[in-house]
Amino acid sequence: MKNLAEKLQQICSKENVLYSEKDIFLYGYDASMEKGRPDFIVFPENAGQVQEIVKLANQFNIPFIARGAATNLCGATIAPGGGLIIDTSKMNKILKIDLHNQVVIVEPGVVNLELQNVLSEHGYFFAPDPASQKAATLGGNVALNAGGPHCIKYGVTVDHVLGAQVVMPDGELAAFGSTSVENPGYDFLGLINGSEGTLGIITQLTLKILPKPDGLQTMLVAFNNIQDAANTVSNIIANGIIPSTLEYMDNLCIRTVVSSLNVDYPIDAAAVLIIEIDGKKSALSQQVDEIKEICTKNNCANFRMAKDEADRTALWAGRRGALGAMARLKPSVIVFDGTVPRNRLPEALLKIDDITKAYNLQYGTLLHAGDGNIHPIIVYDESDKEETARVHKGCDEIMKLCVDLGGTITGEHGVGLEKMKAMSYLFSPDEFEIMKKLKMTFDKSNLCNPGKVFN
């Protein structure tokens, strides 16, 4: 290990190689409840250094795991069997902004919100906007195929990635995709998106950007019944209206956010929807009227329009801060992201409530409601082993429920370590075998983030 440490320092310099007990502890967890113990943490500053590190890992037969801001909620950046954490946070340059072709070229360590702020000055935006965008890096967004509130209209991250430069598991540098709309041959870029760092390490990205919409209207709609809120979601989409965002929060989330962030949400509501539409200003007023009519038919208790940009920002601060606010209730938080067809949302919410009651769990619910992505947030005390066991059993039942309702176990958070068991609810042994063969084709030594997604 001393020999490996010296060679890593030769590649990245001494200050960019960490291996003290404190550092190993700090890099032994991410935003999930999973834990690991890496041997080294290294901070490359360019693709060439990543290549050298990966080749060295192959030489020493030691696993390596890419990591950005570690905001993932599934344990994708944990080192359960030791190895090297390759932290790309120092590869954080916006290399090119090409407004003529509506693309940007970035390194993987660029923070999502940083890119948004820079693009905003030019009148553009990058559509994927996960709630963790203040910290989450773009490399991680691609590796986990992140979504966010805007995915109902604009799609998830894969829909905005045009190209990627990747250090393959053997240390060779490869480039996938291009700025053209169509590319012949196999879709290797599609494989990299959402592969959770198991097929290579992203060192550069070419991303599609969009002009900011001409007009924007944001609504906060309160309901006294969660079923009415869920039915409203289905009715809006069924009427041919595609909002840019359609978000749901239940009462516990509302009360917790209000007490934590002092936002103006109705604390007596069973649920609220944050509905946002964008596009040409001239077309928005009619859509607002149609949405209001649908909400009224579904017994909404209150319908409020954001008065100005400050009011809109405050409404979104509550939604984006909801997960952090829930952490005030108990020491540990676990949030799942199962997805069901929109018309099954009312049924799913009722059955999730039954499951959590059966296991005596305290929980709140957020939804990217427009695409049926359910985020039950369970708060508990990890030091209480009996409660923790109930949490894991309840979460497993929730994931199976989503699959049984025609959905899936994750809409944007990924599988990582956390949901590997639940993969069997989705895939047959033959399908697992195909995935394993694909993994081994890219990674013959099984050193690139091993033990993730499937066993």
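In this predicted model, helix α1 (residues 2-12) has L4, A5, L8, Q9, I11 and C12 buried. Viewed down the axis of α1, these buried residues fall within an arc of 160 degrees, so they line one face of the helix. The pattern can be read from helix geometry: an α-helix has 3.6 residues a turn, so residues three or four places apart point the same way. The face of α1 turned away from the buried side carries K2 and Q10, which are exposed. Among the elements that cover the buried residues of α1 are β1 (17-18), β2 (40-42), α3 (47-60) and β4 (84-87). Just after the helix, S13 adopts a positive phi of about 85 degrees.

Helix α3, part of that cover, leads on to a sheet. This open sheet has 5 strands in the order β5-β6-β10-β8-β9, with antiparallel pairing. At its edges stand β5 (94-98) and β9 (173-177), each with a single partner strand, so one side of each is left without a neighbour in the sheet. On average, and with direction ignored, neighbouring strands are turned by 10 degrees against each other. Within the sheet, β8 (residues 161-167) and β10 (residues 201-208) pair in the antiparallel sense over 6 bridges, and V166 stands opposite I202 in β10. Helix α3 packs on the sheet, where it touches β8, β9 and β10, and its direction makes about 50 degrees with that of β8. Helix α4 (residues 112-120) lies across β5, β6 (103-106) and β10, and runs at about 35 degrees to β5.

Leaving aside neighbours within four places in sequence, V221 is in contact with A271, V272, L273, I275, C295, C300, N302 and F303.

A polar residue in the interior also deserves a look. H375 lies in strand β18 (residues 373-380). With a relative accessible area of 5%, H375 counts as buried because the value is under 20%. The side chain of H375 makes a polar contact with the side chain of E412 at 2.9 Å, while the backbone oxygen of F336 lies 3.5 Å from a polar atom of the H375 side chain. Residues up to four places away in sequence aside, H375 touches V335, F336, D337, G364, T365, L366, L367, H368, E412 and H413.

Definitions and conventions: Residues numbered from 1 in each chain as written. Predicted model: local features only at pLDDT ≥ 70, side-chain atom pairs only at ≥ 80, totals over all residues. Heavy atoms only, no water. Helix = DSSP H or I, 4+ residues; strand = E, 2+ residues; numbered from the N terminus. Buried < 20%, exposed > 50% of the residue type's maximum accessible area, 1.4 Å probe, protein only. Polar contact = N/O pair within 3.5 Å; in protein donor to acceptor, adjacent residues only side chain to side chain. Contact = heavy atoms within 4.5 Å. Arc of directions from axis to C-beta. Pairing = 2+ DSSP bridges. Axes fitted to C-alpha atoms, helices over the stretch in contact; angles between N-to-C directions.
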